[in-house]
Amino acid sequence: MPVRLLLLLGVLLCGGLRPALANDSFAAIGAGGLVLQKSDGVVMESEDLYLSLRQVKIRYVFFNSTAQDLTTIVAFPVPDIEIYGPDDVNTRFLTESDPMQFRIAVDGNAVKAQMERKATSKGVALKYYWTQTFPKRKRLVVEHYYAPAIGGFFYGEGTAADANKTYCIDPPLQSSLRQLATKHNGLVPTWELVYILSTGSHWKGPIRDFRLVIDKEKPERLLSLCIDGIRKISPTQFEVRKTNFTPQTDLHIAFFGDAGAAAE
C-alpha cells in the first residue's frame, strides 16, 4: 500500500489521528539545516539544534575567515514531497505561501526568505532561500525555525524488526515497547521526526561546536534514534555534544506512546 505524507503536526491537532493510520502509515518529510551555495571561507563555528514534535530550532554562529566580505545565496531545501491525488493532505504544499512556517533571523533581525516551488515526478519540492553577506573576519549569528512534518506508524509484530534497525532500538527498550503494546491491542502509536543533518557538511571544514537537544515533551513518552554520546539532561530532554563534527548521516527519531498524547 502507498506511503502517504502528512504535512504538519498541526493537521493532527485540528483533526485528530487519521483513521487510516490503523492500516497505513505516513512518512515524515525530511528537512534539515541551511546549505551555502559557495562555502569558500565560511566556517560554521557552532550549531545549536533543538528538535521536538512541534518545532525545530537552530542557532548557528558562522565566521568568515577571509579578508573580504562574501555574499552568496543561503538555502533551506525540502526534499521531494509525494502527492497521491487531489484529496492528499499534501496538496497544501502546492498552494500555501509558507507551508513549513519557516522563519529566519540574522544577528537578531528578521529576514524574509523567498520560496521556490518545483514540480517533480511524484509531487513537489520546496526551497527557501535568501542572499546573505558574511562580513570579513566577523561572526554572524543565524537562527531559523520551522514546524516539522511528522510521520507515523504503529510499532508491533509486523514493524518491529525494521523499526529496531532504523531507530537503533536496544533490547531493554524493545522489552518496554512489547509491554506497552499490550495496552494498545498489540500496536504502539509511533511518531517519526526526520532531520537532514548531513547538510552541515556543506560549509568549510567541520562544525567546531555541535549541540543537539531532543525534547520528547512528555516524561512518559519513549524515544530512540541512532547516534552516540546521547545523555539525559531533564525528564524530557536528551543532549548530544560534539566538537569538530562532520555529519555523515541524517537523524531518524522515533517517539513512542499514546497517540493522543503526541498531539497535546
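**View 1. Strand β19 and its bridge partners in the predicted model.** Leu222 has Phe256 of β19 as its bridge partner, within the antiparallel pairing of strand β16 (residues 222–224) with β19, which runs over three bridges. Strand β14 (residues 188–196) also pairs with β19 in the antiparallel sense, over six bridges, and here Val194 stands opposite His252. Strand β19 itself (residues 251–256) is mostly covered, with five of its six residues buried (buried means under 20% relative accessible area, exposed over 50%, and partly exposed in between, with a 1.4 Å probe and protein chains only). Strands (E, at least two residues) and helices (H or I, at least four) are DSSP runs numbered from the N terminus, and two strands pair if DSSP finds at least two bridges between them. This is a predicted model, in which local features need pLDDT of at least 70 and side-chain atom pairs count only at pLDDT 80 or more, while totals for chains, interfaces and linings use all residues. Residues are numbered from 1 along each chain as its sequence is written, and side-chain values use heavy atoms, with hydrogens and water left out.

**View 2. The open sheet of eight strands.** The strand order is β9-β8-β12-β6-β5-β15-β18-β17, with mixed pairing. At the edges lie β9 (109–111) and β17 (231–232), each of which pairs on one side only. Strand β8 (residues 103–106) pairs with β9 in the antiparallel sense over three bridges, and the bridge partner of Ala105 in β9 is Ala110.

**View 3. The surroundings of Asn164.** Asn164 lies in helix α3 (residues 160–166) and counts as buried because its relative accessibility is 18%. Not counting residues up to four places away in sequence, Asn164 touches Tyr155, Ile169 and Gln174, where contact means heavy atoms within 4.5 Å.

**View 4. Two nonpolar cores.** A nonpolar core is a set of buried Ala, Val, Leu, Ile, Met, Phe, Trp, Tyr and Cys residues joined through side-chain atoms within 4.5 Å. Of the 49 residues in the largest core, Leu34, Leu49, Leu51, Val142, Tyr146 and Tyr195 touch the most other members. Apart from this core lies another, of 13 residues, among them Leu177, Ala181, Ala254 and Phe256.

**View 5. Confidence along the chain.** The chain averages a pLDDT (the predictor's confidence in each residue, from 0 to 100) of 82, and 83% of the residues score at least 70. Over residues 1–24 the pLDDT is below 50, although this stretch has 68 contacts in the model beyond near neighbours in sequence. Where pLDDT is low, the predicted coordinates should not be read in detail.
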